[in-house]
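Please examine the sequence and the three-dimensional structure shown below.

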Amino acid sequence: MFFGAIEAGGTKFVCGIGTKSGELIERVSFPTELPHETMKNVISFFKGKDIEAIGIGCFGPIDLNKGSETYGYITSTPKTAWKNFNLVGEIKKNFDIPVYFDTDVNAAAFGEYVWGAGKDLKSSIYLTVGTGIGGGAVVEGKLVHGMLHPEMGHIFVNRHPRDKFVGNCPFHGGNCLEGMASGPALERRWGMKGVDIPDDHPAWEMEGYYIAHALVNYILVLS
C-alpha cells in the first residue's frame, strides 16, 4: 500500500510516494511558481501511480475547517498569486482518493513525533525558519488545531536593542517574529542570504535573540 505526500512550501514543492512505515519510494522537487504551473507538475508526478491517499502539508495561512466554504484553500498568504487558491479542490479534481490537508509545519511536527526527534516525547513543537516562519505542535500525542492552525510566525516579539531594521512582514512590519527573523528579513537587513552570512557575523546573535524569545512564548503557552 502506497501513499502520496505533498510538501507545498513557499519556495519549493516536494512530492513523494511512501509506505505506511515511512519508507520513501520516490521523491521529486521543483520550485514554487504560479499555481497553474506548479500544480501541473504535481499532478504529472502522481498520475498513474498506485496510491491510496494523498497527504498535503502546505504553507499558510490555510483553511482547515471542514465545514467552511473555503476548506482546503490557501488564504491570506503574502504569496499573492496563491491567495485564495483551492489546493485541495485542485487535487480532488484529478484524483478520486482521500486527501488529507494540514499546515506544512504541522505535518513536519507529526512526522518528527512518529519517526524522528520527537519519537519518545508526548509533546513537542516543530519550527521552520525560511521564506516565512511557521510552527506546528503536538500536545499529548495530538496535533494542535482550533479556531485557526497555530500561527507561530506572527507572534509579537521584543525588538533587539541594537536592531534598527524596519521589518519584512507585510502585515506587521517589524513587530512580529517573521518580520524580523525570516529568511527574507535576514537578506533585506544584511544584504545577503542566510546561507552566505559567516558564522561569526552579528546577524546570528540577533537571530538567536528573536528565536529564543519565541521559544519562551511557545513553552509558556503550550505547557
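In what order do the five strands of the open sheet with mixed pairing stand? The order is E3-E2-E1-E4-E7. This is a predicted model, in which local features need pLDDT of at least 70 and side-chain atom pairs count only at pLDDT 80 or more, whereas totals for chains, interfaces and linings use all residues. Residues are numbered from 1 along each chain as its sequence is written, and side-chain values use heavy atoms, with hydrogens and water left out. Helices (H or I, at least four residues) and strands (E, at least two) are DSSP runs, numbered from the N terminus. Two strands are said to pair if DSSP finds at least two bridges between them.

The edges of the five-stranded sheet are formed by strand E3 (24-31) and strand E7 (99-103), each of which pairs on one side only. On average, neighbouring strands of this sheet are turned by 15° against each other, direction ignored. Axes are lines fitted to C-alpha atoms, for helices over the stretch in contact, and angles run from 0 to 180 degrees between N-to-C directions.

Within the sheet, strand E1 (residues 3-8) pairs with strand E4 (residues 54-58) in the parallel sense, over five bridges. One of the residues involved is Ile6, whose bridge partner in E4 is Ile56. E4 is also joined to E7 by five bridges, and these two strands run parallel. Here Cys58 stands opposite Thr103 in E7. Although E7 is an edge strand, four of its five residues are buried, so E7 is largely enclosed by the rest of the structure. Buried means under 20% relative accessible area, exposed over 50%, and partly exposed in between, with a 1.4 Å probe and protein chains only.

At 4% relative accessibility, Ile56 counts as buried. Leaving aside residues up to four places away in sequence, Ile56 touches Ile6, Leu87, Val88, Ile91, Val99, Tyr100, Phe101 and Asp102; contact means heavy atoms within 4.5 Å. The C-alpha atoms of Ile56 and Ile25 are separated by 17 Å, and the two residues are 31 residues apart along the chain.

Helix H1 (residues 35-46) lies across E1, strand E2 (12-18), E3 and E4, and runs at about 10° to E2. Helix H3 (residues 104-115) lies across E1, E4 and E7, at about 100° to E7.

H1 also packs against helix H2 (residues 87-94), at an angle of about 40° and with the axes 11 Å apart. H1 and H2 are therefore oblique to each other; angles under 35 degrees count as roughly parallel, over 145 as roughly antiparallel, 65 to 115 as roughly perpendicular and the rest as oblique. The contact brings Met39, Val42 and Ile43 in H1 together with Leu87, Glu90, Ile91 and Asn94 in H2. By class, these comprise five nonpolar, one polar and one charged residues. Ala, Val, Leu, Ile, Met, Phe, Trp, Tyr, Cys and Pro count as nonpolar, Asp, Glu, Lys and Arg as charged, and the others, Gly among them, as polar.

A further open sheet has three strands in the order E8-E9-E10, with antiparallel pairing. Strand E8 (124-129) and strand E10 (142-143) stand at its edges, each with a single partner strand, so one side of each is left without a neighbour in the sheet. Strand E9 (residues 133-139) is joined to E10 by two bridges, and the bridge partner of Val139 in E10 is Lys142. H3 packs on this sheet, touching E8, E9 and E10, and its direction makes about 45° with that of E9. H6 packs on the sheet as well, touching E8 and E9, with a direction at about 150° to that of E8.

What does H6 meet in helix H5? The axes of helix H5 (residues 183-190) and helix H6 (residues 202-222) come within 12 Å and cross at roughly 145°. Leu186, Arg189 and Trp190 in H5 meet Ala203, Trp204, Met206, Glu207 and Tyr210 in H6. This contact has six nonpolar, no polar and two charged residues.

Ala214 is also found in helix H6. Ala214 is buried, with a relative accessible area of 0%, and touches Ile155 and Leu177, not counting residues up to four places away in sequence.
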